[in-house]
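Open the structure in your viewer and keep the selection tool ready. The tour goes stop by stop.

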Amino acid sequence: MSAIKILIIPGSLRTGSLNARLAGVIAREFAKADADVTRISLGDYPLPIYDGDFEAKSGVPANAVNLKRMIGSHHGVVFVTPEYNSSLPALVKNAVDWVTRVEDRGETQGQVFRERAFALASASEGKLGGARGLAAFRLILSGCRALVIPNQLALSFADQAYDDADHLKNPGDVALLQAMVKQLIDVAQHMM
Ligand SMILES: Cc1cc2nc3c(=O)[nH]c(=O)nc-3n(C[C@H](O)[C@H](O)[C@H](O)COP(=O)(O)O)c2cc1C
């Protein structure tokens, strides 16, 4: 069987982002499991805030089509996103909204969410690690009829979570990370 292809999407563009750092750790773990890993930045897919008038006049932006196709060329997708005010950042929600509007030839809108497996992770300096944002994100993806695996990692106190080699210090976090990686690979392989 060919290598499983995993796409990792950080939900923050900030220099020094805790979520981008966690995305790097997650990417390493998937590579250790022999997955073929791609990490992108939503900064490479700038999109206007969704507006139906804009879409009616100009159509779906090329960046939304490109992002949808990037997702569609992978078997599993991991969003690693901050929690903003107990939910997910507008950057991520807006990207999801636009991607659901893409209708490639022979496909229906939102099909890309229904045909692959998703996993969620977050990092925060706070005690909850962004878990409330992930709950909100699960609700949104369930509306897209996406299969989101139960295992997730909400990394609390994320600014202090690493040793000098950039590995997670807490064995509980490592166990959650490994369980998420294994489950996403297993589920994505079943959907191939
Ligand atoms: C608008 C805004 C809202 C935030 N709301 C939350 C929150 O609800 N829960 C939380 O744990 N952190 C919250 N934070 C703090 C972020 O978790 C923190 O800034 C984090 O470092 C952002 O992720 P990043 O480092 O990947 O950019 C918020 C930050 C901003 C800017």
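**Stop one: Ser86**

Select Ser86: it counts as exposed, because 12 C-beta neighbours lie inside 10 Å. The cut-offs are 20 or more other C-beta atoms within 10 Å for buried, 12 or fewer for exposed, and partly exposed in between, with C-beta atoms placed from the backbone. Ser86 sits in the loop between β3 (76-80) and α4 (90-100). Its phi is positive, near 65°, and the residue is not glycine. Most residues other than glycine have a negative phi.

This is a predicted model: local features need pLDDT of at least 70, side-chain atom pairs count only at pLDDT 80 or more, and totals for chains, interfaces and linings use all residues. Numbering starts from 1 along each chain as its sequence is written.

**Stop two: Asp34**

Move to the loop between α1 (18-32) and β2 (36-39), where you find Asp34. Asp34 is no glycine, yet its phi is positive at about 70°. Asp34 counts as exposed because it has 10 C-beta neighbours inside 10 Å.

**Last stop: the whole chain**

Zoom out. The C-alpha atoms fill a box of roughly 50 × 40 × 25 Å along the principal axes. Of the 192 residues, 40% count as buried.

Conventions: Helices (H or I, at least four residues) and strands (E, at least two) are DSSP runs, numbered from the N terminus.
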